[in-house]
Amino acid sequence: MQLSISKHVLQLRHTFSISRESHDFQDTLIVSLGLHGETGFGEATSNPYYKITVESMEAEIESVRKEIENYDFTLPEVFHAFLVNKKLSNFAICALDLAAHDLYGKILGKPLYEIWHTNPTNYPITNYTIGLDTIDKMVSKMKETPWPIYKIKLGTPDDVAIIKELRNHTDSTFRVDANCAWTAKRTILNAPQLKSLGVEFIEQPLAAGDWEGMEKVVHQSVLPIIADESCIVENDVQKCGLHFNGINIKLTKCGGLTPALRMIHKAKELGLKVMVGCMTESTVGISAIAQLLPQLDYVDMDGAMLLKEDIAKGVKIGKGGIVVLPKIGGSGITME
């Protein structure tokens, strides 16, 4: 295979803030794999929370470049197992795994959802994320992008008041994400008020390791609780079954589409709702997520919508969340 790596700085339309950080730019790594005249593209973003940089991912991949270029590619899942044995980080593996899936589908001339025998006619609408900010700016962002479902980032002493004020400006469904900023008591107390304000579910209210607190919350909250930071890799799904109502899978954190497919299957076995989320990726990463849509209950794939300029073409998300999937194989990605 031919291997190519490029680093990009994605500028956001607005400063994006959550309970623990803010940023105006997102560093991302694009990987391409070429074989039989086709090229597959994959992506993984940097993430300070997990101590991942584009430079660290690049160094990891470069350390096994010769082995990748000499690899006899057959199936993406077999290639993924090869990468795991090389002890790369999940973020670096994700970029390569997404590229391998895109390549595989292009070689076959089929989109991934078709290879997986799923029907894309019914799919969840992505939410549009409103980062933490002043009320006026949060309202302004909603008005700038009218949308049927908003994910609202929270993590302040006035979170319920924020939702009350935002509710005055839209009838859209709300989802809230506290990014580990609440306690069990606060979550249980907030939930009835949030439910009355049209909130659909609460995402990761407690610290990732607070399993005792989450067990209390899942039994006492009047709103469903979705795991994010508590569900990183495949082995986390089983434990989440006793502490959450659903899981949010991030391709970058788990290591790509290969483990994500297994996580989806396991979560459904446990009766958990399944969501896939993004990390402010370009259309490269978002197009990979889009191939999973028929298998999901919820999705957060607005990453490219939050960018000032994109770097690729693939899935298109239109007014009201209507998804237009690419007609070419794999994830359907072409670079600008």
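Before we start clicking, here is how residues get sorted: Ala, Val, Leu, Ile, Met, Phe, Trp, Tyr, Cys and Pro count as nonpolar, Asp, Glu, Lys and Arg as charged, and the others, Gly among them, as polar. You're looking at a predicted model, where local features need pLDDT of at least 70 and side-chain atom pairs count only at pLDDT 80 or more, while totals for chains, interfaces and linings use all residues. Numbering runs from 1 along each chain as its sequence is written, and side-chain values use heavy atoms, with hydrogens and water left out.

**Stop 1: the largest pocket**

Select Phe16, Ile18, Asn47, Met279 and Thr280: of the 30 residues lining the largest pocket, these are the closest to its centre. The pocket's volume is about 450 Å³. (On a 1 Å grid over the protein atoms alone, a pocket is an open set of points where a 1.4 Å probe fits, with protein on both sides within 12 Å along at least five of seven lines; lining residues have an atom within 4 Å of a point. Points are joined across faces, edges and corners, and the volume is the space filled by probe spheres set on them.)

Now colour the lining by class: you'll get 9 nonpolar, 8 polar and 13 charged residues. Which element gives the most to this lining? Strand β2 does, with 4 residues. (Helices are DSSP runs of H or I, at least four residues, and strands are runs of E, at least two, numbered from the N terminus.)

**Stop 2: the second largest pocket**

Next, pick Leu75, Tyr104, Trp116 and Arg262, which are among the residues lining the second largest pocket. About 150 Å³ of space lies in there. Its lining divides into 7 nonpolar, 2 polar and 2 charged residues. Helix α12 gives the most, with 3.

**Stop 3: a cluster of rings**

Select Tyr71, Phe73, Phe79 and Phe82, which ring pairs link into a cluster. (Rings of Phe, Tyr and Trp, using its six-membered ring, pair if their centres lie within 6.5 Å; planes under 30 degrees apart are stacked, over 60 edge-to-face, and the rest tilted.) The whole structure has 9 aromatic pairs. One of them, Tyr71 with Phe79, is tilted, at 5.1 Å centre to centre and 55° between the planes. Tyr71 and Phe82 have ring centres 4.7 Å apart and planes at 35°, so that pair is tilted too. Tyr71 sits in the loop between α2 (65-69) and α3, and Phe82 in helix α3, so the pair ties together parts 11 residues apart in sequence.

Buried or exposed: what is Phe79? Phe79 is buried, at 0% relative accessibility. (Buried means under 20% relative accessible area, exposed over 50%, partly exposed in between, with a 1.4 Å probe and protein chains only.) Tyr71 is buried at 15%, and Phe82 at 16%.

**Stop 4: Ser89**

Hop to the loop between α3 and α4 to find Ser89, which is buried at 18% relative accessibility. Leaving aside neighbours within four places in sequence, Ser89 is in contact (heavy atoms within 4.5 Å) with Ile52 and Glu60.

**Stop 5: helix α6**

Finally, show residues 135-144, helix α6, where Met138, Val139, Lys141 and Met142 are buried. Look down the axis: the buried residues fall within an arc of 155°, so they line one face. (The arc uses directions from the helix axis to the C-beta atoms.) Turned away from that buried side are the exposed Asp136 and Lys143. What covers the buried residues includes β1 (2-17), β4 (128-130) and α7 (159-167).
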